[in-house]
Amino acid sequence: MLKPFDLRSSDAHAKLLSLAQDVGQMHMLQLFETDAERLQNMHLEVGPMYMDWSKHRVNESVMEALFELAEEADWQGGIRQLFGGAPINQTESRSVLHMAMRGEAHDPFHVQGAPVMPKVLATREAMLAYADGVRSEGLVKDVVNIGIGGSDLGPLMVTKALRIEGEAGPRVHFVSNVDGAHLESVLGEIVPEFTLFVVVSKTFTTQETMANAEEAKKWIAEALGAAAVSNHFAAVSTNVPAAEEFGVPRAHIFGFEDWVGGRYSLWGPVGLSIACSVGGDSFRALLKGAREMDRHFAGASARQNMPLISALLGVWYREYLGLPTHVVLPYAQDLDRFPAYLQQADMESNGKYVGRDGKPVSHPTGPVVWGEAGTNGQHAFYQLLHQGTTVHPVDLIAIKAPMSKFSSHHQKLLANAVAQAEALMCGRNSEEVEKEMRAAGASEEEVRRVGPHRVFEGNRPSTFLLLDALNAHSLGMLIAFYEHRIFLQGLLWNVCSYDQWGVELGKVLAKNILSEWQEATPTVHHDASTAALIERLR
């Protein structure tokens, strides 16, 4: 179990409060002017991944204090517990070992003293053999993943991101919402004879997933007969009896352990739809990339540790500069679902107000995570990023190699990514605006009237993450980078990052309300608003 940590009682906290009033208010251009080695000291490379974090409101004094904060929280001890299989999911008494899902035979992952890699590898090989069979036989043209939350967002994001590597595989669709329109829209695009459904539910009881799965089963049975169901379904679940009763053959059911949280589960059988799309070799490359980041994270010193530095910058802005959000802007259309994936990974993990000691925390925790693919976002919400009253720290993610045959498009895309990082930091002062307007022939009255609206204060922080190419290996590294950032921030904020009790309450109440709709007279007391809505909708 991770020991409680009171951030606001730490020695580093007082230093950081003072630095926030000083360095935190300085303009980054001034920080560059006073430190010729700033970029040299504020960038890192790990394999195909480059991180430039020089465009932040920090200097060496801030970073020293942040590293001290991490030391007081025992960040390295936390990593040892994480990788050592300690039950750091303390409210459910579980280990947190999604890293083992991308491990290799000699990796020393254990839970309660027992090695886990033999079973992980056996399941992995069976799952990938099945996926490669789906691809090679050519009988399946469409794979439909039915799941929700971690059983949907991760596989969907990766499948889209690896579009090019999946060109030789079947089309993959995703159904998550219990709104029947989601299932209906997918069924309208596919043919029963050539479709495989993958039902992903750890318990095989998830309300939304099972509602969609039952309708998909009826759809197959009506078109091909009840006997055909077993040939058109696979399942990812720990509840093998329920999956078999549904009609899935035992050989097509792939399970995983309770030490793999849903939002961290794409690395194993939950990634079956990914493997069906890209094939076993690419799936293994995805795992290899993630494992490379794992090894970096577990072995690098503080000043060379990508996830640690990113996590500390996030804590700096959330706690000490009072900035409430974290924006993720991938300049890659194939990564357009990455911000949504991170919303669950981050906000479900660290969006909590109760500490590891069971007491309310005294400080802000997880930020609101949001974003959109560039350049689309530039024509939507970047106005707020540049001139809004609240500063929103940004991660810009770019890919060096072109992602399509349109290479000139890629040059424009990269130019926009770099320009946005520069614009966020530099802004444009009134002198520059007035000079530009006069050169364009504006009258002095127009300069006076319009000029202030064209001024950008700048000093808006961003991290630039650059991948050599968007492939399975680099994507695995990128995802694992954010996983470890989330872990460290949870450690510093003193929350239990690996449960999600806030998700459960709504499920329970929805089940109760649904059962009430079947009754002539409701027997459960509700507030007036809820009771009126139930009556209106019944």
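## Helices α1 and α4

In this predicted model, the axes of helix α1 (residues 11-22) and helix α4 (residues 60-72) come within 8 Å and cross at roughly 155 degrees, where axes are lines fitted to C-alpha atoms over the stretch in contact and angles run from 0 to 180 degrees between N-to-C directions. Because angles over 145 degrees count as roughly antiparallel, α1 is roughly antiparallel to α4. Helices here are DSSP runs (H or I, at least four residues), numbered from the N terminus.

Asp11, Ala12, Lys15, Leu16 and Leu19 of α1 meet Ser61, Val62, Ala65, Leu66, Glu68, Leu69 and Glu72 of α4, contact meaning heavy atoms within 4.5 Å. The residues of this contact divide into 7 nonpolar, 1 polar and 4 charged.

## Helices α5 and α12

Helix α5 (residues 75-83) packs against helix α12 (residues 280-299) at an angle of about 140 degrees, the axes being 9 Å apart. Ile79, Leu82 and Phe83 in α5 meet Asp294, Phe297 and Ala298 in α12.

## Leu187

Leu187, found in helix α8 (residues 180-187), counts as buried at 16% relative accessibility, the cut-off being under 20% relative accessible area with a 1.4 Å probe and protein chains only. Leaving aside neighbours within four places in sequence, Leu187 is in contact with Phe197 and Trp219.

## Basis of the values

Residues are numbered from 1 along each chain as its sequence is written, and side-chain values use heavy atoms, with hydrogens and water left out. Local features need pLDDT of at least 70 and side-chain atom pairs count only at pLDDT 80 or more, whereas totals for chains, interfaces and linings use all residues.

Notes
Helix = DSSP H or I, 4+ residues; strand = E, 2+ residues; numbered from the N terminus. Parallel < 35°, antiparallel > 145°, perpendicular 65-115°, else oblique. Nonpolar A, V, L, I, M, F, W, Y, C, P; charged D, E, K, R; others polar. Buried < 20%, exposed > 50% of the residue type's maximum accessible area, 1.4 Å probe, protein only.
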